[in-house]
Amino acid sequence: MDIHLYDLVAYHKASGHLHRWPLCAGSVAYQSRSGDNPPSVTWLPLVGQWPSVAVTAAADGARAQIDDLRLINVRQTDDLPRHASVYDMTAGVWLRVPLGTRPLNLLLTDYIVQAVTERVAAAGAPLDTAVTVWQAKAGMISPDVTELRLPVYDRQLDFDTPIQKEDAKYAGTGGYEGPETLKNALKERCFGHCPMVQPTYLGIVDFGSGAGGLLHVWSVNGGLPIADVPRGWSGGVAVSKTAGIPGSNQFRVDVATGRIHTAVHYEDFRVEVKGDKSGGVWRRYIGEVIAFLATTHGGIVSAADVGGMDATPRTVGLYLPAGDGRTHRDAYGKLVGSVPRGRWFVDLQDRLVVTRLPRAMAATPTRSYSKVSGATDGLKPTAGGSVTPTKKVTVLYAENPSPTAAAVDATPADTALWTQQWRESDSATDPVIQAAYGVSAKTDRIETALTLKADADAEAPLWLAEKAWPPQPYSLKVRDGAPGLWIGGAVTVVDDIAGFETGGPLVITGRTNRDKGGGATLYGER
């Protein structure tokens with residue numbers, strides 16, 4: 001029999017320390033052995049109904065689930081110890097905490113529960129054999145008649161927060177704080193490579209006679225360093241870049257602050273930006289941009305693994321105009337959604353993973369489940385994204401968010417950039433889909449954050465392969481709870497469904513931590 005262990009990490013309000021409470025599900029406590037680490041610690045059997053939450057690899061539009069971990073808060077038997085072993089993670093010492101008639105009342109009064117780690121071990125097995133199933137964040141705990149309800153959710157919910165922080169706002173007091181119309185507006189930010197953006201106009205600043213005197217100032221990165229502003233336009237007409245004092249049709253860039261200086265106020269001024277260069281590094285690839293946002297900038301996670309994405313680097317751009325409260329989740333979805341099978345998730349080591357999920361035939365299964373053996377009830381096909389076949393794709397890249405008519409003296413090349421929202425890269429036509437479906441076959445137009453033609457051209461055939469021959473999604477309920485299996489892994493499934501008769505691979509795109517009736521459900525593709 002398997003024992004599910006739940007380690008609650010809670011903030012102790014009086015001391016400011018983090019404490020770890022060891023609990024378990026079932027009617028019998030779990031005791032670590034004298035040779036375990038930690039030795040001779042009791043996991044109290046105070047978990048009633050466990051939560052069941054589906055965690056999936058996130059792309060555009062993905063959302064996290066929330067469920068309650070129900071904790072027993074009444075002494076039901078005399079077998080329950082009179083004290084709990086609670087580990088003070090901050091001080092590195094074990095504490096003996098008295099347990100009363102309501103043994104977990106302290107979690108209501110003295111603590112704020114922050115996180116829960118769920119592990120599974122065989123009854124009587126050493127603690128080091130326990131396998132982590134899930135690491136969850138915790139919400140506000142609340143009392144019930146005989147229980148405590150602790151909402152838990154996947155780490156993905158932490159990314160539903162704006163990229164720009166509340167303290168990064170314009171004061172609207174003039175100068176570099178902008179006009180009154182910008183008061184309390186979030187400052188703009190630019191990450192990666194943005195081919196055409198509208199900078200924020202801050203007003204007129206006096207630079208002194210030696211540096212140009214009164215000049216108009218524009219901002220593209222909230223006063224923070226950037227790599228460069230290679231080009232600018234007004235009404236589609238090129239505005240040239242200068243290192244000196246700008247003339248009537250010129251602009252100057254201060255890369256240390258991401259601000260642009262001009263001699264005149266342009267009614268419709270736009271620029272190409274090589275964006276944020278915090279720490280002296282210009283990040284422009286999908287994985288490294290997301291990793292920077294999640295770790296250094298956002299502080300949501302402490303580590304990220306982007307090797308699966310940036311092994312094939314693709315340049316992208318993310319521009320947040322002043323006042324834009326876009327969340328991390330929405331931005332990441334747009335960035336990973338720029339390439340086929342791009343996904344992000346938090347792994348069992350609490351690292352953010354940004355990758356391209358492999359197709360099933362390219363994955364390496366680490367476990368096998370057979371319907372005949374009873375390890376599973378078998379595969380359940382689920383609906384895919386589209387029933388209309390795709391014969392061709394057009395990758396849209398290098399977005400101009402606000403295309404307008406160009407001035408008559410703009411060059412043909414600049415007019416095209418100014419008036420068109422997207423540049424386009426077409427794939428070939430799939431001959432099999434074309435022959436089989438004829439006029440029913442469609443062309444998909446895929447909006448991306450890609451900015452370079454070479455990248456869009458390289459991704460077009462990959463998008464066609466994904467859209468013309470999309471993977472079939474399945475759910476798979478397994479009785480062993482799938483310990484140690486996570487998103488991006490793969491299993492072999494033996495079933496009587498076509499392609500699985502002698503065993504076929506299934507790449508995991510999501511899973512439940514634990515189903516209400518026991519076991520777990522894997523979500524995958526073939």
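Strands β28, β27 and β29 form an open three-stranded sheet in the order β28-β27-β29, with mixed pairing, where strands are DSSP runs of E of at least two residues and helices runs of H or I of at least four, both numbered from the N terminus. The edge strands are β28 and β29, each of which pairs on one side only, two strands being taken as paired if DSSP finds at least two bridges between them. This is a predicted model, in which local features need pLDDT of at least 70 and side-chain atom pairs count only at pLDDT 80 or more, while totals for chains, interfaces and linings use all residues. Residues are numbered from 1 along each chain as its sequence is written, and side-chain values use heavy atoms, with hydrogens and water left out.

**The sheet around β27**

- Strand β27 (residues 390-397) is largely enclosed by the rest of the structure, because six of its eight residues are buried, that is, under 20% relative accessible area with a 1.4 Å probe and protein chains only.
- β27 pairs with β29 (residues 442-447) in the parallel sense over six bridges, and within this pairing lysine 392 stands opposite threonine 443.
- β27 runs antiparallel to β28 (residues 423-426), to which four bridges join it, and valine 395 has serine 425 of β28 as its bridge partner.

**Domains**

- The chain is divided into domain 1 (2-153), domain 2 (169-276), domain 3 (360-385 + 471-525) and domain 4 (390-468), with bounds that come from an automatic or database domain assignment.
- The centres of domain 1 and domain 4, taken over C-alpha atoms, are separated by 51 Å.

**The second largest pocket**

- The second largest pocket holds about 490 Å³ of space, a pocket being an open set of points on a 1 Å grid over the protein atoms alone, with protein on both sides within 12 Å along at least five of seven lines; the volume is the space filled by probe spheres set on the points.
- Its lining comprises 28 residues, of which Met196, Val197, Tyr319, Glu399 and Pro401 are the closest to the centre of the pocket, and lining residues are those with an atom within 4 Å of a point.
- Because domain 2 and domain 4 both give residues to this lining, the second largest pocket lies between them.
- At least two lining residues come from each of β13 (189-197), β14 (200-206), β22 (317-320) and α4 (328-336), and β13 supplies the largest share, five residues.
- The lining divides into 16 nonpolar, eight polar and four charged residues, with Asp, Glu, Lys and Arg counted as charged, Ala, Val, Leu, Ile, Met, Phe, Trp, Tyr, Cys and Pro as nonpolar, and the others, Gly among them, as polar.

Key:
Buried < 20%, exposed > 50% of the residue type's maximum accessible area, 1.4 Å probe, protein only. 1 Å grid on protein atoms, 1.4 Å probe; cavity = no way out; pocket = protein on both sides within 12 Å on 5 of 7 lines; lining within 4 Å.
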